[in-house]
Amino acid sequence: MIKRSNWSIPYFIFLILFVVMPLVLVAVFAFQDGSGRFTLANITRFFTDKDALATFALSIEIAIENTALCILIGYPVAWILSNKKYNHSTVTIILFILPMWINALMRTLATAELFNMLDFNLGKGTLLYGMVYDYLPFMIYPIYNILNKMDKSYAEAAEDLGANPWQVFWKVTFPLSIPGVASGILMVFMPTVSTFAISEFLTNGKIKLFGTIIQENINSSMWNYGAALSLVMLIIIGITTLFSHKEEENMEEGLI
């Protein structure tokens, strides 16, 4: 009889080949110079490179703005989709899924062409529009899943105790949906910081994000510095994810 644990072997091999090894290679290249000798120069160069630091700060700024816009637009949409009083059909949900069936690069190119046809000046505004368009579903669905699975008895109990609809939302529904909001923030914020294609096509290269610098260094065969930039970004993303996950767990424990 084949042990059930043996079924995990293909996934373990996949994890080693396509997750662990690439990360190890990034770390190795980040701490090597062109001759393959150990060095910290690539890491220190990032912290002394004013252009790289400015680009990283701009990437964080745009990521925050994009995430905030996705929350402002996505939360009401998720609430309507999960509320059977306003949404009586699954067709509406499918309409939000449809754009994700198309390649993100193709959607970005189509958006850029629309702006060109309308003679819009490409810049930060068009960049944020394209980012919200691409990443909005990743904010909607985590919130929708939480709201859809939420025990409606909590809201009914609040109404029985005399709470009006606004009080029910702010005191019951919204706090219980925070884990979905936190997941949506991670799914939107992290890719925004590291993206490069959207900024290139929707600004004609006027705005460079952190992912663009990494791409330029790798395309110029500056593998070591490009790997160092990637490692810095991975560390920051990892720390942010750990803290966000811990806060999410504390919040869930406080709500139970």
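Q: How much space lies in the largest cavity?
A: This is a predicted model. A search of the whole structure finds one cavity of 30 Å³ or more. The space in the largest cavity is about 40 Å³.

Q: Which element gives the largest share of the lining of the largest cavity?
A: The lining includes Phe 56, Ile 60, Phe 189, Met 190 and Met 233. Two or more lining residues come from each of α3, α8 and α11 (223-255). The largest share is four residues, and the element that gives them is α11.

Q: How many residues of the lining of the largest cavity are nonpolar, polar and charged?
A: Besides the residues already named, the cavity is lined by Val 193, Ile 236, Ile 237 and Thr 240, among others. By class, the lining has eight nonpolar, one polar and no charged residues.

Q: How much space lies in the largest pocket?
A: A pocket is an open set of points, whereas a probe in a cavity cannot get out. For the largest pocket, the volume is about 680 Å³.

Q: Which residues that line the largest pocket are the closest to its centre?
A: The lining of this pocket is made of 20 residues. By class they divide into ten nonpolar, four polar and six charged. The closest to the centre are Trp 79, Asn 83, Lys 85, Ala 155 and Glu 159.

Q: Which element gives the most to the lining of the largest pocket?
A: Two or more lining residues come from each of α3 (50-82), α6 (124-149), α7 (153-160) and α8 (165-194). The highest contribution is six residues, and it comes from α8.

Q: Why are α2 and α3 roughly perpendicular to each other?
A: Helix α2 (residues 41-48) packs against α3 with the axes 5 Å apart. Angles of 65 to 115 degrees count as roughly perpendicular. The two helices are therefore placed in that class, their angle being about 70 degrees.

Q: Which residues of α2 and α3 make the contact?
A: By class, the contact has five nonpolar, one polar and one charged residues. From α2 come Phe 46, Phe 47 and Thr 48. From α3 come Lys 50, Ala 52, Leu 53 and Phe 56.

Q: What share of the residues of the chain count as buried?
A: The chain has eleven helices and zero strands, and its C-alpha atoms fill a box of roughly 70 × 65 × 40 Å along the principal axes. A residue counts as buried under 20% relative accessible area. Of the 256 residues, the buried share is 36%.

Key
Residues numbered from 1 in each chain as written. Predicted model: local features only at pLDDT ≥ 70, side-chain atom pairs only at ≥ 80, totals over all residues. Heavy atoms only, no water. 1 Å grid on protein atoms, 1.4 Å probe; cavity = no way out; pocket = protein on both sides within 12 Å on 5 of 7 lines; lining within 4 Å. Points joined across faces, edges and corners; volume = space filled by probe spheres on them. Nonpolar A, V, L, I, M, F, W, Y, C, P; charged D, E, K, R; others polar. Axes fitted to C-alpha atoms, helices over the stretch in contact; angles between N-to-C directions. Parallel < 35°, antiparallel > 145°, perpendicular 65-115°, else oblique. Contact = heavy atoms within 4.5 Å. Buried < 20%, exposed > 50% of the residue type's maximum accessible area, 1.4 Å probe, protein only.
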